[in-house]
Amino acid sequence: MSVIGIAGAGAFGTAMGVVLAQTGREVAIWAHEETFAEEIRQRNENARLPGVKLPENVAITSDIDDIGRSELVLLTTPMQVLAGMLQTHGGRLSARAMVACCKGVDLATGRGPVAIIAENCPATVPAVLTGPSFAADIARGLPTALTLACADPGVGAALQEQLSTPTLRLYRTTDTVGAELGGALKNVMAIAAGIVIGTGLGESARAALITRGFAEMQRFARAYGAEPETLAGLSGFGDLVLTCTSTQSRNFSFGVALGKAQYFDPEVTVEGAATARAVAAIATARGIDMPVTQSVAHVIDGRRSISEAVKILLSRPLKEE
Ligand SMILES: NC(=O)c1ccc[n+]([C@@H]2O[C@H](COP(=O)([O-])OP(=O)(O)OC[C@H]3O[C@@H](n4cnc5c(N)ncnc54)[C@H](O)[C@@H]3O)[C@@H](O)[C@H]2O)c1
Ligand SMILES: O=P(O)(O)OC[C@H](O)CO
């Protein structure tokens with residue numbers, strides 16, 4: 001069995017490497033900078049996932065050719081660097097399947113990871129792994145359930161087998177559009193939920209936000225042909241609930257900091273920020289009603305204060321649920 005390649009040496013790539021290595025498989029994690037790869041090797045630990053030691057069968061490399069012949073590659077970079085990474089290195093990867101683990105919509109093109117993989121690596125089968133899961137939980141071996149989406153049912157079933165472990169339970173779908181949009185949009189709602197809590201609007205307001213945010217996610221995904229069941233599953237509703245209610249979430253924490261007008265470390269990966277901008281632009285262009293997403297984009301860009309955004313949301317015409 002060939003080495004499982006993981007492109008992107010952040011918290012999630014490392015957590016997946018650790019849990020897959022625990023089943024006895026060889027794993028190679030590619031970091032885009034040799035200095036960072038060397039730091040991980042030296043400490044046998046990734047600063048992005050503190051407290052987790054790497055098993056012996058996890059190799060850390062900055063040479064893309066070390067994962068070039070892997071039959072299976074997980075893509076675990078942040079969403080906004082995925083296209084650039086595949087444009088630069090995709091030609092050196094001969095994987096039969098590439099599984100995107102990044103959540104978001106590319107700001108430059110409005111595309112999700114599956115379209116980006118298809119454009120840059122046309123010989124591979126693209127898939128998506130997404131759902132409610134904190135890297136730290138996966139790495140600690142806590143029970144986690146995710147959605148594995150692949151348009152090719154045979155490849156999807158094989159990936160489900162390959163990537164499931166005793167603690168990581170994968171459910172399968174062929175609806176890649178629904179899976180990637182659920183994972184992308186829930187981060188925007190998590191920022192909004194954080195703002196609600198940070199500004200002291202209360203738990204009831206957060207429940208309302210999550211519910212109306214979910215309606216908005218379904219509306220957007222439906223416009224792209226996603227299956228409603230996918231949005232109601234782990235990759236949509238499941239991840240929405242986790243991310244909007246946990247202080248472990250970076251998107252939620254970013255929203256809380258915005259609500260409290262506190263500093264937030266710009267080095268922290270907050271996928272929902274760029275995705276809010278990307279989705280707001282698409283929604284405007286396509287006439288899809290996305291009031292929460294539009295508000296998040298406006299607040300992040302400083303075009304509207306939080307109190308203005310809340311006032312506008314609360315003064316929308318009353319309608320049927
Ligand atoms: N952390 C989680 O709990 C978690 C869970 C599920 C999904 N995800 C998703 O996984 C993706 C990665 O998140 P993360 O938490 O691992 O991020 P992270 O902030 O921990 O790490 C990001 C990594 O990307 C690398 N990187 C930055 N620029 C790069 C480039 N140009 N080319 C290649 N690599 C580059 C950095 O070295 C960094 O280590 C995100 O889309 C996130 O939504 C994360
Ligand atoms: O920390 P966040 O907000 O990026 O969320 C991590 C995962 O996506 C939760 O499923």
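Which strands does helix α6 lie across, and at about what angle does it run to β8? Helix α6, residues 153-163, lies across β4, β5, β6 (125-130), β7 (144-150) and β8, and it runs at about 175° to β8. What you see is a predicted model, where local features need pLDDT of at least 70, side-chain atom pairs count only at pLDDT 80 or more, and totals for chains, interfaces and linings use all residues. Residues are numbered from 1 along each chain as its sequence is written, chains are lettered from A and ligands numbered from 1 in the order in which they are written, and side-chain values use heavy atoms, with hydrogens and water left out.

Some terms. Helices (H or I, at least four residues) and strands (E, at least two) are DSSP runs numbered from the N terminus. Axes are lines fitted to C-alpha atoms, for helices over the stretch in contact, with angles from 0 to 180 degrees between N-to-C directions.

Now the sheet. Eight strands form an open sheet in the order β3-β2-β1-β4-β5-β6-β7-β8, with mixed pairing; strands pair if DSSP finds at least two bridges between them. β3 and β8 (168-173) are at the edges with a single partner strand each, so one side of each has no neighbour in the sheet. β1 (4-7) and β2 (27-30) are parallel, over four bridges, and Ile4 has Val27 in β2 as its bridge partner.

Helix α3 (79-89) lies across β1, β2, β4 and β5 (97-100), at about 145° to β4.

Last, Ser70. Ser70 sits in the loop between β3 (58-61) and β4 (72-75). Leaving aside residues up to four places away in sequence, Ser70 touches Ser2, Val3, Ile4, Gly5, Ser94 and Ala95; contact means heavy atoms within 4.5 Å.
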